[in-house]
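Take a walk through this structure with me. We start with strands and move on to rings.

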Amino acid sequence: GSKAEMAFTSGTIVDVPFELWNIGIGTPNDPGDDYKLIPFIFDMNGNEVFDLDSVDHPISGGDNDPETDWIYWYNPVNKSPGTLGYDAWVASNFNDNLHVAEEVMARMVFVNFNAGSISDPTFPANVNQKLPESGSVFRILTTKTNQPGDRLIVHTTPLSVRESGGPLRYHLYQNYPNPFNPTTTISYELPVKGNVVLRIFDMLGREIRTLIRATEEPGMKTVRWDAKNNEGRPVATGVYFYRLDVSNGFGTSKRTVGIHKMLLIK
């Protein structure tokens, strides 16, 4: 285990049941250059504990894939092998300005796949396991990240007239930015003219705001949400869902194009 900072909510320092390590560039099996990282946590349910939250991850259908609080990986300023940089952060009474360097990864979660419904009144007692077994090791191998001076060369073939004429499918994109404050943009594609309904819901499934309810021409569309409800009042910090439904005319059945979640942080 290690110490972690509830950096995006209370700022409290808490104990978490895991450690984060950089296991070297190209040397994953050589512990000689490994060093310990500093975890920041976004405490989704505000209970000051790293645990499963009543947030369903979209890894599968249903509402039975609870995810943990978000983990942000940060390098210590001192990247000497071992725990020197991390220990200096702890010894300084968790002085971020002196001992915390750049962010390595953001918004990582653990998901218990098909573990139990987040809507169950006994949650999280109903899930089959709340965290990975003690002693578990997860190794994440990545490709090299983009660096200053890198060149990216993209080779493409020309689009045909049909392909360049507009979208060929319905699609709802992830909002950007996410997390956001105070506004975020939602984009979607329509291949044909149709009736469009774009709505926002809270964690309990209650409609918060109808952003679009209109007949629209085909094409790429964007709309901005200002974090206000249908009455024009600002909504609270939290997780929200947005859903796009379309139909092609009167009497045709409605289809759901997609559902995504987003996080408002004030």
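A residue is called buried when its relative accessible area is under 20%, exposed when it is over 50%, and partly exposed in between (1.4 Å probe, protein chains only). Helices (H or I, at least four residues) and strands (E, at least two) are DSSP runs, numbered from the N terminus. This is a predicted model: local features need pLDDT of at least 70, side-chain atom pairs count only at pLDDT 80 or more, and totals for chains, interfaces and linings use all residues. Residues are numbered from 1 along each chain as its sequence is written, and side-chain values use heavy atoms, with hydrogens and water left out.

Begin at strand β8, residues 70-76. The strand is mostly covered: seven of its seven residues are buried. What does β8 pair with? Two strands pair if DSSP finds at least two bridges between them. Strand β5 (residues 38-42) runs antiparallel to β8, and five bridges join them. Here Phe40 has Tyr72 of β8 as its bridge partner. β8 also runs antiparallel to β9, through four bridges. Strands of a sheet pair through backbone hydrogen bonds, either parallel or antiparallel.

Elsewhere, three strands make an open sheet in the order β10-β11-β14, with antiparallel pairing. Its edges are β10 (171-172) and β14 (219-225), each of which pairs on one side only. β10 is joined to strand β11 (residues 184-190) by two bridges, and the two run antiparallel. His171 stands opposite Glu189 in β11.

Now the rings. Rings of Phe, Tyr and Trp (its six-membered ring) pair if their centres lie within 6.5 Å; planes under 30 degrees apart count as stacked, over 60 as edge-to-face and the rest as tilted. The structure holds 10 aromatic pairs. In one of them, Trp89 and Phe94 have ring centres 5.0 Å apart and planes at 75°, so the pair is edge-to-face. Both Trp89 and Phe94 are buried.

Phe110 and Phe138 give a tilted pair, because their ring centres are 5.2 Å apart and their planes stand at 55°. Both residues lie in the loop between β9 (100-108) and α3 (161-164), so the pair ties together parts that are 28 residues apart in sequence. Phe138 counts as exposed, at 52% relative accessibility.

Phe8, Phe42, Trp70 and Tyr72 form one aromatic cluster. A charge sits over a ring if NZ of Lys or CZ of Arg is within 6 Å of the ring centre and within 35 degrees of the ring normal. The charged end of Lys36 sits over the ring of Tyr86, 3.9 Å from its centre.
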